[in-house]
Amino acid sequence: MRVLGVNAIFHDPSAALVVDGRIVAAAEEERFSRRKHGKRPVPWSAWELPEQAMRWCLQEAGLRPEDIDVVGYSFDPALCVDLAELGVSDPGDRVRTDYARRAPKFLSAALRGLDPAKGTFVPHHVAHAASAGLAAPYQQSACLVLDGRGERASHLAGRYDGPELQVLATQELPHSLGLLYEDLTDHLGFLRSSDEYKVMAYASYGKPRHLADFRELVRTTDDGGFRTAKVDWSAYAPKVEPGDQLTGAHADLACSVQRRLEEVMLELATWLHEQTGTRALTMAGGTALNCVANSVLARKGPYDHVWVQPAAGDAGTALGAALQLSAASGRPEPMRTPALGRGWTDEQLRARLEQAALPFETPTDLAAVIAQELADDRIVAWYQGRSECGPRALGHRSLLAHPGRRKNLERLNDIKGREQFRPIAPLVLADRAAEIFDGPLPSPYMLFVHDVSPAWQQRIPAVVHVDGTARIQTVDPADESLLARLLDQFELRTGLPVLVNTSLNTAGRPMVDSPSDALELFGSTPADVLVIGPHVVRRAGAFR
């Protein structure tokens, strides 16, 4: 069975392909269009499809549109009601719903040869749930979905048993943890439905002075849901307008909301465990990208395992829709890697470098050569294999640096053109992580934060956030052999089994995807070395 999944309705348009229960490809449109998040989440953009991502997924499998058995669209307009009836103000939502109804025709127009009758609607939160519950390596799991909104709800709690999802609770709008956090993001001067992760980072600089208020404003209910009251944000801190500076009052507000979010997610997950008794919790939805809250669940919650979909936001619903429809033929295979995007052969990368007339070398021991560059405190743009799906750079499209140099935090934030309060993350060998970091292990997808051991905080200061934590990625040699060898070689030279890892992009732009993207970034930033496949380009030799 050949199933194409498509996400297009809100933001982060994406496509995924599942063939006979195996995930073949998944990619976000932003990696092709080079427009961050693909489009803005307004009703008038709901007609825009991830056309390039869809075509690439088919190309990757050698399929034509007519070869597809079914297309899953991760939104079901039949579930929609007039949002005004739910107390939500969005006058353009009828346009969004109308576009969704027409999606099968839009799809067939974009993929010539596709029968519109093959288009199938998958409820938004069911698609989120499937992206976690069916992708995770557990036959049974509790599944928690939290985001801004779907058709008429903002939350789903359920249980997976094999391929079947039993829905145990949902929360109708206007109550939404995701929209609450979006409102805060906007109040703090950041971009709604885009910069929520910045608020999470900034919260570490404040104190939860208003937690008592938010415990009244945001409450869980006995039926597995919650209530979110309307917040007068200006009563806590003034709205940040362009050119304004963030203050301690803003940090305290962010910290208070973040802390209450953690508490509510823990209460919801505990209720769900009481209903299911399962050992594993799987999670998706944009709120599940809040790695600080995820860590609270892992530490304090009743589950032995917490597994979060690496593409937990709306981009992951394309994969979820495809998995949900594939489950009609039995449980799909688990997701074994998030590296499901485009890749190029070593020969293709060589040809691209030659075309660009860039001097390069192809060392016999790449890991040793680059470990020395990093030990010498050079910034390395690292481009390997297939690109990752989801918002995290996981060692395929990364900027790497020495973690023992405190100034590298500022250097990398300057290179990327982003706020200095934002942390950078550590890569660490899986078998060394426990001696340095306290938190959920292994952590291969950078979706939890860990306390950094006091003995190590002064040794790797570049990756330690203001609150003494780090959002780590553990590296298993069985999964990432080259990256593991690089860490080994770096430790031989420095005594540190850790490297700085941040995404290979600049502020406001998607992660690098193609070789051309990598060359453009290298040519426009002061990174010292570009490693592209087995080939090495040095700035000193390339730009004189």
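## Start with the annotated spans

Select residues 120–323. Their end C-alpha atoms lie 13 Å apart. The span is 41% helix and 21% strand. Keep in mind that this is a predicted model.

Now colour residues 371–539. For these, UniProt lists "domain: Carbamoyltransferase C-terminal", again from an unreviewed entry. The ends of residues 371–539 are 17 Å apart, taken between C-alpha atoms.

## Helix H3, side by side

Select helix H3, residues 93–101. Which of its residues are buried? They are Asp93, Arg96, Thr97 and Ala100. These four cover an arc of only 95 degrees around the axis, which puts them on the same side of H3. An α-helix has 3.6 residues a turn, so residues three or four places apart point the same way.

Turn the view to the other side of H3. Arg94 and Arg101 are exposed there.

## The second largest pocket

Next, show Pro442, Ser443, Pro444, Tyr445 and Thr474. Of the 31 residues that line the second largest pocket, these lie nearest its centre. The pocket holds about 730 Å³ of space.

S12 gives the most, with four residues.

What is the lining of this pocket made of, by class? Its residues divide into 19 nonpolar, six polar and six charged.

Now colour domain 2 (141–307) and domain 3 (342–542). Where does the second largest pocket lie relative to these domains? Both give residues to its lining, so the pocket lies between them.

How many cavities of 30 Å³ or more does the structure hold? There are two.

Begin with the largest cavity, which has a volume of about 80 Å³. Select Ala26, Ala311, Ala315, Gly316 and Cys389. Among the 13 residues that line this cavity, they are the closest to its centre. Then show strand S2 (14–19), strand S3 (22–28) and helix H11 (316–326). Each supplies at least two residues of the lining of the largest cavity. By class, that lining has nine nonpolar, three polar and one charged residues.

Move on to the second largest cavity, with a volume of about 40 Å³. To see its lining, select Ala26, Ala27, Glu28, Arg31, Gly341, Ser387, Glu388, Cys389 and Asp513. S3 gives the most to this lining, with three residues. The lining divides into three nonpolar, two polar and four charged residues.

For the last stop, colour domain 1 (2–129 + 317–329) and keep domain 3 (342–542) in view. Both domains give residues to the lining of the second largest cavity, so the cavity lies between them.

Methods
Residues are numbered from 1 along each chain as its sequence is written. This is a predicted model: local features need pLDDT of at least 70, side-chain atom pairs count only at pLDDT 80 or more; totals for chains, interfaces and linings use all residues. Side-chain values use heavy atoms; hydrogens and water are left out. On a 1 Å grid over the protein atoms alone, a cavity is a set of points where a 1.4 Å probe fits but cannot get out, and a pocket is an open set with protein on both sides within 12 Å along at least five of seven lines; lining residues have an atom within 4 Å of a point. Grid points are joined across faces, edges and corners, and a volume is the space filled by probe spheres set on the points. Ala, Val, Leu, Ile, Met, Phe, Trp, Tyr, Cys and Pro count as nonpolar, Asp, Glu, Lys and Arg as charged, and the others, Gly among them, as polar. Domain bounds come from an automatic or database domain assignment. Buried means under 20% relative accessible area, exposed over 50%, partly exposed in between (1.4 Å probe, protein chains only). The arc is that of the directions from the helix axis to the C-beta atoms. UniProt positions are given in the numbering used here, feature names are shortened, and annotations may be inferred rather than shown by experiment.
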